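Q: I would like to learn how to read salt bridges in a model. Please start from the general idea and then go through the cases.

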Amino acid sequence: MNNLPPCPQCNSEYAYQDGNMYVCPECANEWVQGTAIQGLDQQRVVHDANGNVLQDGDTVTVIKGLKIKGSSSVVKVGTKVKNIRLVEGDHDIDCKIDGIGAMQLKSIFVKKCS
């Protein structure tokens, strides 16, 4: 019944076709049938809350107050974070925030500074 190939990255059976691409809803991998796994031959693209592409070294601004687990501290709206580093995972930004220290952020809670 389902003749679509499984995801080459996570082996999910729930992949679907979008135009000439296949998309995995579980790991967000996109590929063209017959090509190598995307993660091995291309870099992952990370977008901010407005859809701008983020790169290592960018400066971003926090757009939502973020509570810090295990602490009573909060990263306030409008906090500028300089020199970010993109990493794999759910929290895809590694950074140092003045007054707080090293932490990881989700890209959906930041916007790129121009």
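A: This is a predicted model, in which local features need pLDDT of at least 70 and side-chain atom pairs count only at pLDDT 80 or more, while totals for chains, interfaces and linings use all residues. Residues are numbered from 1 along each chain as its sequence is written, and side-chain values use heavy atoms, with hydrogens and water left out.

Q: How many salt bridges does the structure hold?

A: Side chains of opposite charge can pair when their charged atoms come close. A salt bridge here is a side-chain nitrogen of Lys or Arg within 4 Å of a carboxyl oxygen of Asp or Glu. The structure holds three.

Q: Where in the chain do Lys112 and Asp58 lie?

A: These two side chains form a salt bridge with an N to O distance of 3.5 Å. Lys112 is in strand β13 (residues 110-112) and Asp58 in the loop between β5 (53-54) and β6 (60-62), so the pair links distant parts of the chain, 54 residues apart. Strands (E, at least two residues) are DSSP runs, numbered from the N terminus.

Q: Is Asp58 buried or exposed?

A: Buried means under 20% relative accessible area, exposed over 50%, and partly exposed in between (1.4 Å probe, protein chains only). Asp58, at 13%, is buried, whereas Lys112, at 32%, is partly exposed.

Q: Which residue does Lys106 form a salt bridge with?

A: Lys106 pairs with Asp90, their closest N and O atoms being 3.3 Å apart. Lys106 lies in the loop between β12 (101-105) and β13, and Asp90 in the loop between β10 (85-86) and β11 (93-97), so the pair ties together parts 16 residues apart in sequence. Asp90 is exposed at 55%.

How values were computed. Helix = DSSP H or I, 4+ residues; strand = E, 2+ residues; numbered from the N terminus.
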